[in-house]
Each structure stands twice: as C-alpha cells, then as structure tokens.
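User: I would like a close look at the charged and aromatic side chains of this model. Please take the pairings one after another and say where the partners sit.

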Amino acid sequence: MTQELQGMRVGILATDGVERVELDQPRGALQGAGAKTEIVSLHPGEIQARQFDLNAAGTFPVDRLVADASVDDYHALLLPGGTMNPDQLRMNRDAVQFVKDFMASGKPVASICHGPWTLVEADAVRGRRLTSWPSIRTDLRNAGAEVVADQEVVVDGQLVTSRGPADLPAFCAATVEQFARAHHPMPG
C-alpha cells in the first residue's frame, strides 16, 4: 500500500439509495492510499445502501450532516451513484450548496454513475467534459456539459468522472491519482 494521500480528508456525499460498490471501492482505494474518509449525508444515523438500485445492501454510518459540513473541512469530494442517492441529494439545498462550493474551490471532485446529477443541480457542469451513466447524459448535455460516452474515466481539471460499476478499477486509480496531485496536508 502506498500513502500518497496521507493526511488527506475526503468527504463522501451520499444518502439512502447509494450504490454500495460505488461507495465501498473508491473509499477503500482512498483509505488504502492513506486518506481519511467521512460520509456526509442528509440525516444522522445510517444510510441504506443498494445493489443495482433494487436490492438492499446494508448500511453505512453517517459521520457528519451536510448542513454542518464545509468545503474547508475536506481536501476532496467523492460523489457515488445509485439512482435514488443523487436524486435525493439534488433536492436538498445544503447538499447542492456543498457541491457548488466544492466546485468553486477548485478542490478535486470524483463522481461516478448517476453521481453527476448533483453536479448538474449545482450548475457545475457547464463547459466541462465528463461521463456518466447513459440515462443521465441528456441531463448533462442540457446543463452545458460535453459528454463522453466511450471512456472509462474522464478527467477535466478538478473533476474525475466514470460511467458505472464496470469502470470502478479505472475510476479508483484515477481518483487516487488526481487527489494526490492536489493534496496538501491540513493540520489536525
């Protein structure tokens, strides 16, 4: 294991309906590289994970409420998918503002599958090149993004995106690499 992310704090914005593998695998890659991760959510307690959107897949404990979180608390942000997860996040004022603030900060953001829906709501895809799950590509185009359909991972400045679970190995590697490029340790 390498430690290129030692001292890095990564917020994982997720809520009920998150696709388990899209939270678990990137979080494991980030932690394996030395980062500390926190699940930031809409409500306290635990969030319900899903597998293929349909099947219950356990829970994740919430570390912090998005209403109490600040972009200053984290070096980077991960936006996992699942259909229900970003659909709820994009309807929450605090979650949308958190994502908008992250994108405005220039800090790295990684998003997979349906995760970019929250970026759309935060008006953060205009003029950017990214990819996603096929069903939200029209939303991305309508929000001003250049959508790439035939690449596992697309990196555009601070933003790393992937299409779905099949792309997780490439997404995890690119996320760690991009987060490492932007990493500057925070005190504490």
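How many salt bridges does the count come to, and which side chains meet in them?

Analyst: This is a predicted model, in which local features need pLDDT of at least 70 and side-chain atom pairs count only at pLDDT 80 or more, whereas totals for chains, interfaces and linings use all residues. Residues are numbered from 1 along each chain as its sequence is written, and side-chain values use heavy atoms, with hydrogens and water left out.

Side chains of opposite charge can pair when their charged atoms come close. With a salt bridge taken as a side-chain nitrogen of Lys or Arg within 4 Å of a carboxyl oxygen of Asp or Glu, the count comes to 11 salt bridges. One of them joins R64 and E38, at 3.7 Å from N to O. R64 lies in strand β6 and E38 in strand β3, so this pair ties together parts that are 26 residues apart in sequence; helices (H or I, at least four residues) and strands (E, at least two) are DSSP runs, numbered from the N terminus. R64 counts as partly exposed at 25% relative accessibility, while E38, at 14%, counts as buried, where buried means under 20% relative accessible area, exposed over 50% and partly exposed in between, with a 1.4 Å probe and protein chains only. R64 also forms a salt bridge with D73, the closest N and O atoms being 2.4 Å apart, and D73 is partly exposed, with a relative accessible area of 22%.

Another salt bridge links E146 and R129, whose closest N and O atoms are 3.5 Å apart. Because E146 lies in strand β10 (residues 146–147) and R129 in strand β9 (residues 129–130), the pair ties together parts that are 17 residues apart in sequence. E146 counts as partly exposed at 46% relative accessibility, and R129 likewise counts as partly exposed, at 28%. Through shared partners, salt bridges join K36, E38, R64 and D73 into one network.

Turning to the aromatic side chains, rings of Phe, Tyr and Trp (its six-membered ring) pair if their centres lie within 6.5 Å, and planes under 30 degrees apart count as stacked, over 60 as edge-to-face and the rest as tilted. The count by this rule comes to two aromatic pairs. The ring centres of Y74 and F98 are 6.3 Å apart and their planes stand at 85°, so this pair is edge-to-face. Y74 lies in the loop between β6 (64–65) and β7 (76–79) and F98 in helix α3 (residues 93–105), so the pair ties together parts that are 24 residues apart in sequence. Y74 and F98 are both buried. F98 also pairs edge-to-face with F102, at 5.5 Å centre to centre and with 75° between the planes. These two phenylalanines, F98 and F102, both lie in helix α3, four residues apart, about one turn of the helix, and F102 is buried, as is F98. Together, Y74, F98 and F102 form one aromatic cluster.

Charged groups also lie over aromatic rings, a charge being counted there if NZ of Lys or CZ of Arg is within 6 Å of the ring centre and within 35 degrees of the ring normal. R20 lies over the face of F60, at 4.4 Å from the ring centre, and R90 lies over the face of W117, at 4.0 Å from the ring centre. R90 is also among the residues in contact (heavy atoms within 4.5 Å) with T118, leaving aside neighbours of T118 within four places in sequence. T118 itself is in helix α4 (residues 116–121) and counts as buried, at 1% relative accessibility.
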